[in-house]
Structure formats: structure tokens, C-alpha cells
Amino acid sequence: MEKEPLELNTVIRTFASEAEAHVAQAVLDANGIDSNLIRDDANGMMPWLQWLHPIRLVVCEADSGTAVELLDTPPGPALAP
């Protein structure tokens, strides 16, 4: 019996920069939270549309609290070489 895929339907952040959106998504991915980026910029061909229609980071509703907490937590101290 296959697991039903999670419905990623809760917007937790919006971004005007694709780079910032990917960094936030990487943080969630590193902590085992599935997410998706929704963008309305003609598939990247018109990036200026991101100012009018920000990139949305979405997660499933059950993970939204943990995801917001992860993104709001400042990074820990850097490791010394």
C-alpha cells in the first residue's frame, strides 16, 4: 500500500529573490520537511515579476509550525577550523 503524498498547501514565507527562497527551502530540506516553491515569473524568464508576485514557500499544514520556527531561529555559532 502506497503512502499518500502530502498536500503542500500552507504558505509560510514569501520572497522577492529566488536565491533567498532556495536557501530557505534548503534549510527545511536539511531538517526533513518537504516544501515547494510556487512562482509566477514565466518559469524564470521574467524575474522582475517576482516583485509583483513574490515566490511562495509552501509546506503541509502539519509541518508549518516547525518550519516557521526553523526559519526564524538564528544560525548557531560558526565552527572554528
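Colleague: What are the ground rules here?

Modeller: This is a predicted model, in which local features need pLDDT of at least 70, side-chain atom pairs count only at pLDDT 80 or more, and totals for chains, interfaces and linings use all residues. Residues are numbered from 1 along each chain as its sequence is written, and side-chain values use heavy atoms, with hydrogens and water left out.

Colleague: How many helices and strands does the chain have, and what makes a run count?

Modeller: The chain has 3 helices and 3 strands. Both are DSSP runs, numbered from the N terminus: helices are H or I with at least four residues, strands are E with at least two. From the N terminus on, the order is β-α-β-α-β-α.

Colleague: How do you know which strands pair with β3?

Modeller: Pairing requires at least two bridges found by DSSP between two strands. Strand β1 (residues 10-15) is joined to β3 by 5 bridges. Strand β2 (residues 35-38) is joined to β3 by 4 bridges. F15 stands opposite I55, R13 has L57 as its bridge partner, and S35 stands opposite V59.

Colleague: What makes β1 and β2 edge strands?

Modeller: The open sheet has the order β1-β3-β2, with antiparallel pairing. β1 and β2 each pair on one side only. From one strand to the next, the twist averages 25 degrees.

Colleague: What does helix α3 touch?

Modeller: Helix α3 (residues 64-72) packs on the sheet and touches β1 and β3. Contact means heavy atoms within 4.5 Å. The direction of α3 makes about 25 degrees with that of β1. Axes are lines fitted to C-alpha atoms, for helices over the stretch in contact; angles run from 0 to 180 degrees between N-to-C directions.

Colleague: Why is β3 called largely enclosed?

Modeller: Buried means under 20% relative accessible area, exposed over 50%, and partly exposed in between (1.4 Å probe, protein chains only). In β3 (residues 55-59), 4 of the 5 residues are buried, so the rest of the structure largely encloses this strand. Across the 81 residues of the chain, 23% count as buried.

Colleague: Why is W51 called exposed?

Modeller: W51 has 69% relative accessibility. The cut-off for exposed is over 50%, so W51 counts as exposed. W51 lies in helix α2 (residues 49-52).
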